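My notes follow in the order in which I looked.

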Amino acid sequence: FRACSAVLQTGVTDQELFEYVFGGDNTLLALSFVVNIALAGLTILGIAYLGRNLSDPRPKAIATALMLISVVSISSYTGLTSGLTLGVVEMPAGHPAAGATTAGQDGVLVMWGRYLTWTFSTPFILIVLGMIAGSNWTKILTTCAFTIAMCVTGLAAALTTSSLVLRWWWFVLSSTFFLVIVYVILVDWTAEAERTGTTDLFRTLKLLTVVGWFGYPILWALGVEGIAILDVATTSWGYSVLDIITKYIVTFLAMFYVIDEPESITGGADYSASLPRVE
Ligand code: RET
């Protein structure tokens, strides 16, 4: 957080940003944060309730990873709500939002906490998908490494103020990492899910994930950080709705399947979690 605040260097405090968002003129933006705190909380409770009788280690591991997605999410949205992970960033010359002012400061409102916390939430989504497909740890951890690279370079794209070209270069880098993940999901994991016997569930989760995840770079490009066609509140609601699809809906679909058919989840690669104990 300190590193990001140092990069921002705008001198606007979390208190000023909190007042800007919750002061009355930005109700829609405020709601896009608060609604997700509630949904993440309910999802955590839902998983705890639905998973109470799970006994096999692999369904348990999947339920835990699912819960961690929402644990990160509730923290992420609390950061945005409190103003701690918001900033005002001056766009470089040539950017359509160059010269804008926000909360009495030169620059646009950047929800940099989103990019930072996706670094921690997206790996858990990929761990769940990979385990449901029955993939191995090498591939699962590869996608985790690429999603971390994607989010950190996305954060760099949002915070770079020196040059417009470099902002878009970060965007291209981040998108390249994203395509690696899409490839693994569409090619490797689709084939593995077929062998594991989880094709039905995987097909639905894959669709929601791949289509949903493509929405994020599109929103970034259309929003204030990109070509600035969309205002901050619309962009924020866009991300919040995508989060609802890619996190909470994916979570409940996976969770219902895991409790209904825990035995079909145990096919595929062995993570040493389901091995019989050696006496
Ligand atoms: C950015 C901008 C740079 C280019 C790309 C992006 C992709 C972001 C994605 C985010 C997914 C987030 C999820 C969060 C759930 O907790 C960083 C917007 C490619 C795909 C699923």
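The model is a predicted one, in which local features need pLDDT of at least 70 and side-chain atom pairs count only at pLDDT 80 or more, whereas totals for chains, interfaces and linings use all residues. I number residues from 1 along each chain as its sequence is written. Two packed helices are described by the angle between their axes and the distance between the axes. For α4 (residues 57-82) and α5 I noted an angle of about 165 degrees, with the axes 9 Å apart; axes are lines fitted to C-alpha atoms, for helices over the stretch in contact, and angles run from 0 to 180 degrees between N-to-C directions. That makes α4 roughly antiparallel to α5, given that angles over 145 degrees count as roughly antiparallel, under 35 as roughly parallel, 65 to 115 as roughly perpendicular and the rest as oblique. In the contact of α4 with α5 I find 15 nonpolar, seven polar and two charged residues (Ala, Val, Leu, Ile, Met, Phe, Trp, Tyr, Cys and Pro count as nonpolar, Asp, Glu, Lys and Arg as charged, and the others, Gly among them, as polar).

The crossing of α5 past α9 is left-handed. On the α5 side I listed Arg114, Ile125, Val128 and Ile132, which meet Tyr239, Thr246, Val250 and Ala254 of α9, where contact requires C-beta atoms, placed from the backbone, to lie within 7 Å. I sorted the residues of this contact into six nonpolar, one polar and one charged.

I noted that the axes of α8 and α9 come within 10 Å and cross at roughly 165 degrees, which makes α8 roughly antiparallel to α9. The α8 helix passes α9 in a left-handed crossing. Among the contact residues I wrote down Leu205, Trp213 and Tyr216 of α8 and Tyr239, Leu242 and Ile249 of α9. The contact of α8 with α9 holds 14 nonpolar, seven polar and no charged residues.

Which residues come nearest to the ligand? Of the 20 residues around the ligand, I found Ser121, Gly154, Ser174, Tyr216 and Pro217 to come nearest (near means a C-beta atom, placed from the backbone, within 6 Å). The helices α5 (112-133), α6 (137-159), α7 (164-196), α8 (199-222) and α9 (232-260) each supply at least two residues of the shell, and the largest share, five residues, comes from α5. By type I counted 12 nonpolar, six polar and two charged residues in the shell.

I looked up nine helices and four strands in the protein chain, with helices (H or I, at least four residues) and strands (E, at least two) being DSSP runs numbered from the N terminus.

Definitions and conventions:
A crossing is left-handed if the near helix is turned anticlockwise from the far one by less than a right angle, and right-handed if clockwise. Two residues are in contact if their C-beta atoms, placed from the backbone, lie within 7 Å.
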